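This report describes the pockets, cavities and selected residues of one protein structure.

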Amino acid sequence: MEIDAAASGAVLKRERVRDAILELIEERQPGDAIPSERTLCAELGVSRPTLRAAVDELVVAGLLVREHGRGMFVAAEKITQELVSDRRAFSLPQAAGAWTSRLLEIRTLPAGARVGRKLRMSPAARIHYVARLRLVDGAPMAIEYLHVPADLVADLTSEELEQGDLYAHLAERHDVRVSEAVQSIEPTVVTRAEADLLDVPELSPALLFERLTTDTTGRPVEYVHSLYRGDRYRIVSRLTLGPRDQAPPPGQGQGVGQGHHPGIPPGDFTTKDPVTLSTRGVVQDGM
């Protein structure tokens with residue numbers, strides 16, 4: 001296949017401009033302004049369309065924010081989820097920020113065919129269906145939809161769903177102790193209704209989490225799908241590729257402590273096997 005030299009040159013030029021703007025971003029704090037498009041064009045020696053294309057990419061990536069009539073500013077830091085694997089376990093350290101919940105809906109209804117298959121129960125069996133908005137430091141971060149077998153949990157109160165550690169509530173109040181989860185992650189975009197809740201433009205990029213959680217006996221206790229903002233949330237994987245020269249400091253990589261695991265409701269558990277993150281047609285093990 002022949003490569004269009006002009007097209008290739010334009011892409012490479014835009015990439016160089018993007019790298020230059022990224023350097024400006026890294027030198028600044030969230031909320032700081034960066035030079036105007038006119039100034040950047042002069043300093044970098046590029047045309048306005050080339051600069052604007054690079055800036056557009058960084059805006060979509062959630063690194064820059066345009067404010068009409070004011071200019072361009074460094075975006076708020078993304079909430080980072082670090083995935084850590086080792087020979088013994090797969091743990092999920094907490095993400096930054098103060099995580100809270102706002103209850104959108106709670107109902108008890110038949111599981112239906114799809115959710116029934118997920119939870120290995122009859123379609124006519126009753127489940128608690130919960131929709132809630134997850135916030136970080138008061139800003140909307142995700143929409144979460146929970147499905148919990150009603151025969152395992154007599155009721156779920158608003159207090160349990162909006163405050164504290166949901167898995168701790170399940171253990172302490174309902175004697176349901178989670179043990180393992182299988183979770184997939186794939187890219188998507190938000191609808192108009194979802195965009196309104198998350199305070200982002202329609203069709204903005206997002207991450208779709210789908211998770212099935214089981215208890216210590218292997219019984220499914222929760223099926224969840226969640227939509228996380230693509231501009232404010234990222235996943236970083238730390239992979240162990242060989243033996244360590246020395247043992248890690250005490251507590252490192254154990255996932256111990258209070259906090260929220262994005263994609264995972266507040267709480268802490270460790271899976272016995274590496275977690276598989278799946279995107280359409282691509283499977284990556286040990287991430």
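## Terms and basis

A polar contact is a pair of N or O atoms within 3.5 Å; within protein, one atom must be able to donate a hydrogen and the other to accept it, and residues adjacent in sequence count only if both atoms are side-chain atoms. The model is a predicted one, in which local features need pLDDT of at least 70 and side-chain atom pairs count only at pLDDT 80 or more, while totals for chains, interfaces and linings use all residues. Residues are numbered from 1 along each chain as its sequence is written, and side-chain values use heavy atoms, with hydrogens and water left out.

## His 174 and the end of H6

His 174 lies in helix H6, residues 166–174; helices (H or I, at least four residues) and strands (E, at least two) are DSSP runs, numbered from the N terminus. At 16% relative accessibility, His 174 counts as buried, a class that means under 20% relative accessible area, with exposed meaning over 50% and partly exposed in between (1.4 Å probe, protein chains only). The side chain of His 174 forms a polar contact of 2.9 Å with the side chain of Glu 160. Leaving aside residues up to four places away in sequence, His 174 touches Leu 152, Val 153, Ala 154, Asp 155, Leu 156, Glu 160 and His 169, where contact means heavy atoms within 4.5 Å.

Asp 175 is in the loop between H6 and strand E9 (178–189). Asp 175 counts as exposed because its relative accessibility is 56%. Its phi is near 55°, a positive value in a residue other than glycine. Most residues other than glycine have a negative phi.

## Thr 213 in strand E10

Thr 213 belongs to strand E10 and counts as buried, with 0% relative accessibility. Apart from residues up to four places away in sequence, Thr 213 touches Tyr 167, Val 178, Glu 180, Ala 181, Arg 219, Pro 220, Val 221 and Glu 222.

## The buried side of H4

Helix H4 spans residues 112–119, and within it Val 115, Gly 116 and Leu 119 are buried. These residues cover an arc of only 105° around the axis, which puts them on the same side of H4; the arc is that of the directions from the helix axis to the C-beta atoms. The cover over the buried residues of H4 includes strand E7 (126–136), E8, strand E10 (205–215) and strand E11 (220–229). Arg 120 follows H4 and has a positive phi, near 55°.

Another positive phi, near 50°, is found at Asp 137, a residue other than glycine. Asp 137 is placed in the loop between E7 and E8 and counts as exposed at 59% relative accessibility.

## Pockets

On a 1 Å grid over the protein atoms alone, a cavity is a set of points where a 1.4 Å probe fits but cannot get out, and a pocket is an open set with protein on both sides within 12 Å along at least five of seven lines; lining residues have an atom within 4 Å of a point. Grid points are joined across faces, edges and corners, and a volume is the space filled by probe spheres set on the points.

The largest pocket holds about 410 Å³ of space. It is lined by 18 residues, of which Val 59, Gly 62, Leu 64, Val 65 and Asp 231 are the closest to its centre. Helix H3 (48–60) and strand E2 (64–67) are the elements that give two or more residues to this lining, and E2 provides the largest share, three residues. By class, the lining has 11 nonpolar, two polar and five charged residues; Ala, Val, Leu, Ile, Met, Phe, Trp, Tyr, Cys and Pro count as nonpolar, Asp, Glu, Lys and Arg as charged, and the others, Gly among them, as polar. The second largest pocket has a volume of about 280 Å³. Among its 14 lining residues, Ile 25, Leu 63, Ala 75, Glu 77 and Lys 78 are the closest to its centre.

## Cavities

Across the whole structure, a search finds two cavities of 30 Å³ or more. The second largest cavity contains about 30 Å³ of space and is lined by Leu 146, Val 148, Leu 156, Leu 161, Leu 166, Leu 170 and Glu 222. Strand E8 (139–149) and H6 each supply at least two residues of this lining, which comprises six nonpolar residues, no polar residues and one charged residue.
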